Structures are given as C-alpha cells and as structure tokens.
Amino acid sequence: HAPPRWNGTAALPRHRLPSLLFLPPAGPIFSFVSFPRSSVLTQFQNLATDHTSGATELIHRLVAVCEHCAIGNSIRDLDEGLAMLEHAQASMPSFHAVLNILKSEFLPRLGPGGDISDAIGYLSSLQKILDESGEAIAHFFVQLFPGPVCVATLSRSGTVLSALRLLVSEKLLDHLYVLEARPMMEGLKTIREFNRAAPSTLFVDAGMAEALAMSDCAVVGAD
C-alpha cells in the first residue's frame, strides 16, 4: 500500500510507522536576547540537554547567552556554563568549534584589563560571520540548478530552510517533499512554512522511498 501523505489540506494521519531516519532540526536564527541573571545557568543547561534543535539554532542561542553574561558581568556564570557544554552535544562538531572559539577569543576579552565593549563587538562580528556563511551556502546550492527542481528534505535544518527560501524566491522550487521526522515531527513546521509558497507534500518517515523517487535531489542538514 502507498504510505499516507499530506498535501497541506487534510489532517496528518498519525499511524505508528517506524522512523527510518532522524536528524535534529535547526530552527530560525535567533537574534540577541537578554535573560534574567538568575537564569543564565539554566539557559546553559537547556543548551546542553536540547536534542531537538540543530547546530545553527544552538550556536545563536549560545552567542546570545554569552552576550548577556558580558553585559551583566556574570563571568563566573559564563565560566561554569561553558564548562557545562564541554562534553554536551558531542554529535555537533560545528557547535564545539564555536564553543572553542568563544573560549579562546571571547573569554580573554573579559579578563583583567579587558574591555566589555570590545567583547560584545567581537560577538557581533562572530554572529555576522555565521549569518553570511549560511547565506553563502544557500546561494551556492541554488547555482547548482539551471531550472525548477523537485526537492526532498527531512526534519527542519536552518541551512536547508535558507536554501529552500532562496529556491522559492528564484522560482526554482517545483515541488517540495518533506519527511515528518518522528518523534518530534519537525517536518510539520517545515511544510507549513512552504505549502503556500510552492506545491508541497508531507510524507511519513516510512514513505521515504516514494518521496525520493519523485525528487531530483535530497537536501539535508549536515554537521
């Protein structure tokens, strides 16, 4: 039997089908936000235990917490928080690459004789680099296709979302096939964003083979 699928109008069938593949999602890029000082370590704990978000979202949340620590001069909380993340998110090397950069380039700017404004300026430049790298990846991806394409994707990767948005703006997305990504169902968020911008179909994970058979390429986040 053909696997159940959803075209953005009917209710999603909730059959208990096995998940074939799961990738953590990467949600929208977070801008700088402030947290109450008493919750700083809680925010670090949330970063350490969040296994449903992708590296892009986690990195921007990490930068936001570091900025708050710098503004509030919460150096002890910052040291404890970064140490807490040392062995967390082991499957995300890009997250740990940024973590190491923060330890080697950001922390020393908050030490004796350091300048808080210089430290915050460094975080701003780091966020700009991260934003521009995501945009560059999306533009490189779009250049691979001379005409409209059918794309399959899984879950909700921030980098993939940027590429898909650019495909839509260039009128190159002919059809989008999205796997739901159980158990967190991040694929639902992805298809809700695109089902009005381009023809879109949501598949249960067990329908992967059918989705790929109708696609020109499969695009997933990679760390």
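Predicted model: local features only at pLDDT ≥ 70, side-chain atom pairs only at ≥ 80, totals over all residues.

The partner of β4 is β3, and the two strands run parallel, paired over 4 bridges. Within that pairing, valine 178 has leucine 202 of β4 as its bridge partner. Between β3 and β4 the chain passes through α7, giving a β-α-β crossover that is right-handed.

I turn now to helix α6, residues 158-169. Its 12 residues, at 1.5 Å a residue, should span 16 Å, and the end C-alpha atoms lie 17 Å apart, which agrees. The buried residues of α6 include Val160, Leu161, Leu164 and Leu167. Against what do the buried residues of α6 pack? They pack against α5, β2, β3, α7 and β5. After α6 comes lysine 171, with a positive phi near 55°.

Finally, the nonpolar cores. The largest has 30 residues, and Phe44, Leu62, Leu78 and Phe106 have the most contacts inside it. Two or more residues come from each of α1, α2, α3, α4 and α5, and α2 gives the largest share, 9 residues. Leaving aside residues up to four places away in sequence, phenylalanine 106 touches Cys66, Ala70, Leu78, Ile101, Ala119, Tyr122 and Leu123. Apart from this core lies another, of 24 residues, among them Phe141, Val142, Phe145 and Val149.

Key. Residues numbered from 1 in each chain as written. Heavy atoms only, no water. Expected span 1.5 Å × (residues − 1). Buried < 20%, exposed > 50% of the residue type's maximum accessible area, 1.4 Å probe, protein only. Contact = heavy atoms within 4.5 Å. Pairing = 2+ DSSP bridges. Right-handed = clockwise from strand over helix to strand, strands pointing away. Core = buried A, V, L, I, M, F, W, Y, C linked by side-chain atoms within 4.5 Å.
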